[in-house]
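Have the viewer open as you read along.

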Amino acid sequence: FFNVLYFLIIFDIFRHAWFYIFTDVSAQFMYTLNFLASVFCMVEVAEPGYEAITYSLITTASNTVSPLSSVISYQFLAFFPSLNTQE
C-alpha cells in the first residue's frame, strides 16, 4: 500500500509536503507495530528473569542496523562512481 503512495509522489500525480510526511510516518508506524509484536513474542520465550536484557539487546541490535546499513551502502557506492551522478 505504501509503495503506491510513493508512486503518486514520484510521478507527480499528487505532490504535497504533508502527503509525503504522512506517507513516511505511516510506514514507520507500521514498522514499529511489527517490531513490537515480534519483540514481545521473543521476550515471552526468554528465560525467566532475563526478559529486560533480552528486550534491550534486541532493541539495540535493531536500532544499530539502520545507521550502520546506511554507512555500508555509502561505502559500497564509492566503488561505482557512475552511480553517484544523477541526470
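Let's start with the surface: the protein exposes about 7500 Å², and carbon and sulfur atoms supply 70% of that area. Accessible areas here come from the Shrake-Rupley method with a 1.4 Å probe, and for residues only the protein chains shown count as cover. Buried residues make up 13% of the 87 in the protein, where buried means under 20% relative accessible area, exposed means over 50%, and partly exposed lies in between (1.4 Å probe, protein chains only).

A word on the source: this is a predicted model, in which local features need pLDDT of at least 70, side-chain atom pairs count only at pLDDT 80 or more, and totals for chains, interfaces and linings use all residues. Residues are numbered from 1 along each chain as its sequence is written, and side-chain values use heavy atoms, with hydrogens and water left out.

**Overall form**

The protein has three helices and zero strands, in the order α-α-α from the N terminus on. Helices (H or I, at least four residues) and strands (E, at least two) are DSSP runs, numbered from the N terminus. The radius of gyration is 19 Å, whereas a compact globule of 87 residues would have one near 12 Å; the radius is taken over C-alpha atoms, and the globule rule is 2.2 Å times the number of residues to the power 0.38. Along its principal axes, the C-alpha trace spans about 55 × 35 × 15 Å.

**Where H2 meets H3**

The axes of helix H2 (residues 17-45) and H3 come within 10 Å and cross at roughly 145°. From H2, the contact is made by Tyr 31, Phe 35, Leu 36, Val 39, Met 42 and Val 43; H3 contributes Glu 51, Thr 54, Tyr 55, Ile 58, Thr 59 and Ser 62. Contact means heavy atoms within 4.5 Å. Axes are lines fitted to C-alpha atoms, for helices over the stretch in contact, and angles run from 0 to 180 degrees between N-to-C directions.

Ser 62 is worth a click. This residue lies in helix H3 (residues 51-77) and touches Tyr 31 and Phe 35, not counting residues up to four places away in sequence. Its side chain also makes a polar contact with the side chain of Tyr 31, at 3.2 Å. A polar contact is a pair of N or O atoms within 3.5 Å; within protein, one must be able to donate a hydrogen and the other to accept it, and residues adjacent in sequence count only if both atoms are side-chain atoms.

Met 30 lies in helix H2 and is partly exposed, with a relative accessible area of 44%. Ile 53, in helix H3, is partly exposed at 44%. Asp 12 sits in the loop between helix H1 (2-10) and H2, and counts as exposed at 52% relative accessibility.

| C-alpha pair | Apart in sequence | Apart in space |
|---|---|---|
| Met 30 and Gly 49 | 19 residues | 30 Å |
| Ile 53 and Pro 67 | 14 residues | 22 Å |
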